[in-house]
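Please look over the model shown here before reading on.

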Amino acid sequence: MSVSPLAAETRVKCKGDGVALCNTPFRDYIRAVTDPSDTVLRAITDDGAFRVITARTTNAVRGAIEAQGATGETARHFGDLLTASVLFRETMAPNLRVQAIIKGAANSGSLIADSHPSGQTRGLVQLKGDEIDLGQGAVLQLMRTLPSGRINQGVVEVPQQGGITQSLMAYMQSSEQVFSMLAVGTVFEGGRVVSAGGYMVQLLPEVGRGPLMVMTERLRDFESIDPQLADPQFTPTWLLDELLYGMPFTRLEESSVRFECWCDELRVVSALASLSRDDLEHLLSSNEVLEIACEYCKRDFRIAPARLRGLLEQS
Ligand SMILES: [Zn+2]
């Protein structure tokens, strides 16, 4: 059967004869946890040379990791990827939906981070082995959905030193031609996310080498921000002050980020409408309520046969 080329969002859990539809990816959606304390803060240095964005994504990352049941290194990379998707959207496409995708090496699976302009954040972990492999052959893909529905995307190989930070930095340079310095991090304690976040510093056009050298030197202390994330004082404001210590800057707007899916029953049903008539008839033949779980947030939807029949008539 044909399915949407977009990322698999929903897994159909089947009952009885509905088995044929198991593992069918659907576009769907949801609503889950919100926490206003995750924020993204923007600033610009007063010399006009740099744009700086700092983010706290602790709750969003924790929620997505727990929903996906990710553990170990996979959870850390997934958390970093979620923060990277937020930083990328905020700097390059604040009004567009951004998906950041890691396709692991050695057919190890993929990680998907999905960042919505509203601040809603969700993700998918699809492993084929025990852990995602960011070794040679792994790639980072970034996609933004334009208002027309067209998708603008680019791909970069995960650099040898590995990690999401290095991958996003390489992507910004090669696909966006924007010189950026950044770091993302996810800190765990006893397997639970206790802090997550990151920053991105972008060199604005037509700035000389002087300010760049000063900033590059300054950011050497922030190549990994795990120590900052683990600091009890950590907030986007605090991190901004640390990054730009002694450098005049102006704070700009602040926005919120949270773990929240955008699936709903209407989307689930719309996705079913894209199935072939044969598939729908097959589903109906069981005459049982169809259970569909959103793959991002694991929310269950129950679609009654009557609702399906209406769809069948339309198709
Ligand atoms: Zn959902």
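**Basis**

The model is predicted: local features need pLDDT of at least 70, side-chain atom pairs count only at pLDDT 80 or more, and totals for chains, interfaces and linings use all residues. Residues are numbered from 1 along each chain as its sequence is written.

**The chain**

The protein chain holds 9 helices and 14 strands. Helices (H or I, at least four residues) and strands (E, at least two) are DSSP runs, numbered from the N terminus. Of the 315 residues in the protein chain, 43% are buried. Buried means that 20 or more other C-beta atoms lie within 10 Å of a residue's own; exposed means 12 or fewer, and partly exposed is in between, with C-beta atoms placed from the backbone. Two residues are in contact if their C-beta atoms, placed from the backbone, lie within 7 Å. Among contacts between residues at least 6 apart in sequence, 68% join residues at least 24 apart.

**The sheet**

Six strands form an open sheet: the 6 strands run in the order E8-E7-E4-E5-E6-E12, with mixed pairing. E8 and E12 (258-259) are the edge strands, each pairing on one side only. Two strands pair if DSSP finds at least two bridges between them.

| Strand pair | Sense | Bridges | Opposite residues |
|---|---|---|---|
| E6 (residues 120-127) and E12 | parallel | 2 bridges | Gln120 and Arg258 |

E7 and E8 also form a hairpin, with 5 residues between them. Gly149, in the turn, has a positive phi of about 95°.

H1 (residues 58-68) lies across E6 and E12, running at about 35° to E6. H3 packs on the sheet and touches E7 and E8; its direction makes about 120° with that of E8. Axes are lines fitted to C-alpha atoms, for helices over the stretch in contact, and angles run from 0 to 180 degrees between N-to-C directions.

**H2 against H3**

Two packed helices are described by the angle between their axes and the distance between the axes. H2 (residues 72-92) and H3 (residues 164-174) pack at about 30°, with their axes 9 Å apart. H2 is therefore roughly parallel to H3. The cut-offs are: under 35 degrees roughly parallel, over 145 roughly antiparallel, 65 to 115 roughly perpendicular, and the rest oblique. H2 and H3 cross in the right-handed sense. A crossing is right-handed if the near helix is turned clockwise from the far one by less than a right angle, and left-handed if anticlockwise.

Which residues make the contact? H2 supplies His77, Asp80, Leu81, Ala84 and Phe88, while H3 supplies Ile164, Thr165 and Leu168. They divide into 5 nonpolar, 2 polar and 1 charged. Here Ala, Val, Leu, Ile, Met, Phe, Trp, Tyr, Cys and Pro count as nonpolar, Asp, Glu, Lys and Arg as charged, and the others, Gly among them, as polar.

In H3, the buried residues are Ile164, Thr165, Ser167, Leu168, Met169, Tyr171 and Met172. Their cover includes H2, E7, E8 and E9 (180-189).

**Two buried residues**

Ile164 sits in H3. Ile164 counts as buried because 30 other C-beta atoms lie within 10 Å. Leaving aside neighbours within four places in sequence, Ile164 contacts His77, Asp80, Leu81, Ala84 and Val184. Ile164 and Ala84 are 80 residues apart along the chain, yet their C-alpha atoms are separated by 7.5 Å.

Ser115 belongs to E5 (residues 109-115). With 29 other C-beta atoms within 10 Å, Ser115 is buried. Not counting residues up to four places away in sequence, Ser115 touches Ser85, Val86, Arg89, Val98 and Thr121. From Ser115 to Ala84 is 31 residues in sequence and 9.5 Å in space, C-alpha to C-alpha.

**Two loop residues with positive phi**

Asn107 lies in the loop between E4 and E5. Its phi is near 55°, a positive value in a residue other than glycine. Is Asn107 buried or exposed? Asn107 is exposed, with 11 other C-beta atoms within 10 Å.

Gln177 lies in the loop between H3 and E9. Gln177 is not a glycine, but has a positive phi of about 50°. Gln177 counts as exposed, with 7 C-beta neighbours inside 10 Å.
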